[in-house]
Amino acid sequence: QVQLVESGGGLVQAGGSLRLSCFASGHIFRSYVMGWFRQAPGKEREFVAAISRTGGSTFYADSVKGRFTISRDSAKNSVNLQMNSLKPEDTAIYYCAAGPNWPFIVSSAGYWGQGTQVTVSS
């Protein structure tokens, strides 16, 4: 079963913006820490951003802090990632994920989306 579905990826020029959305099953959305990982060609999957169950706390990788914003939309059971000032090094497949607890790492995430491609040209 696909319980997390991403959308919003695409091709943009450096300095541009994209907004990714992750639509989740209701019980996952309400009960789990949620966030985003990304994986560039030839590299390991890395943490990007996470948000607590109620949306009261957010955490970001140093590489995206100040440029990306994660949020929850309870009306849509979705988690969004607003990406501004995009750089070529942001190019990767972005995966939505949900986990039962902290730390929010790859091995602890119990649910994964299929991924959406983000490509930033120079």
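Is Phe104 buried or exposed? I looked that up to get going: Phe104 is buried, at a relative accessible area of 7%. For my own reference, buried means under 20% relative accessible area, exposed means over 50%, and partly exposed is in between (1.4 Å probe, protein chains only).

**Ground rules**

I'm working with a predicted model, where local features need pLDDT of at least 70 and side-chain atom pairs count only at pLDDT 80 or more, while totals for chains, interfaces and linings use all residues. Residues are numbered from 1 along each chain as its sequence is written, and side-chain values use heavy atoms, with hydrogens and water left out.

**Overall fold**

I noted 1 helix and 11 strands in the protein. Both are DSSP runs numbered from the N terminus: helices are H or I with at least four residues, strands are E with at least two. Starting at the N terminus, the order I wrote down is β-β-β-α-β-β-β-β-β-β-β-β. The radius of gyration is 13 Å, close to the 14 Å that the globule rule gives for 122 residues, so the protein is as compact as a globular protein of that length. That radius is taken over C-alpha atoms, and the rule is 2.2 Å times the number of residues to the power 0.38.

I also checked the box: along the principal axes, the C-alpha atoms fill roughly 40 × 30 × 25 Å. Of the 122 residues, 42% are buried. Then I looked at contacts (heavy atoms within 4.5 Å). Among those with a separation of 6 or more, 57% come from residues 24 or more positions apart.

**Aromatic rings**

How many aromatic pairs does the count come to? I got 7 aromatic pairs. The rule takes rings of Phe, Tyr and Trp (its six-membered ring) with centres within 6.5 Å; planes under 30 degrees apart are stacked, over 60 edge-to-face, and the rest tilted.

One of them is Phe37 with Phe47, which is edge-to-face, 6.0 Å centre to centre with 75° between the planes. This pair links distant parts of the chain, with Phe37 in strand β4 (residues 33-39) and Phe47 in strand β5 (residues 46-51), 10 residues apart. Phe37 is buried at 1% relative accessible area, whereas Phe47 is partly exposed at 25%.

Phe47 also pairs with Phe104: the ring centres are 6.4 Å apart and the planes are at 80°, so this one is edge-to-face. Here the residues are 57 apart, since Phe104 sits in the loop between β9 (92-99) and β10 (111-112). I then found that Phe37, Phe47, Tyr95, Phe104 and Trp112 form one aromatic cluster.

**The loop between β9 and β10**

Pro100 is in this loop, and I have it as partly exposed at 43% relative accessibility. Leaving out residues up to four places away in sequence, Pro100 touches Tyr32, Arg53 and Ser108. Pro103 is in the loop between β9 and β10 as well. What kind of peptide bond joins Trp102 and Pro103? I found a cis one, with omega about 0°.

Most residues other than glycine have a negative phi, and most peptide bonds are trans. Asn77 has a positive phi, near 50°; Asn77 lies in the loop between β7 (68-73) and β8 (78-83) and is partly exposed at 23%. Ser85 has a positive phi near 50°. I placed Ser85 in the loop between β8 and β9, partly exposed at 41%.
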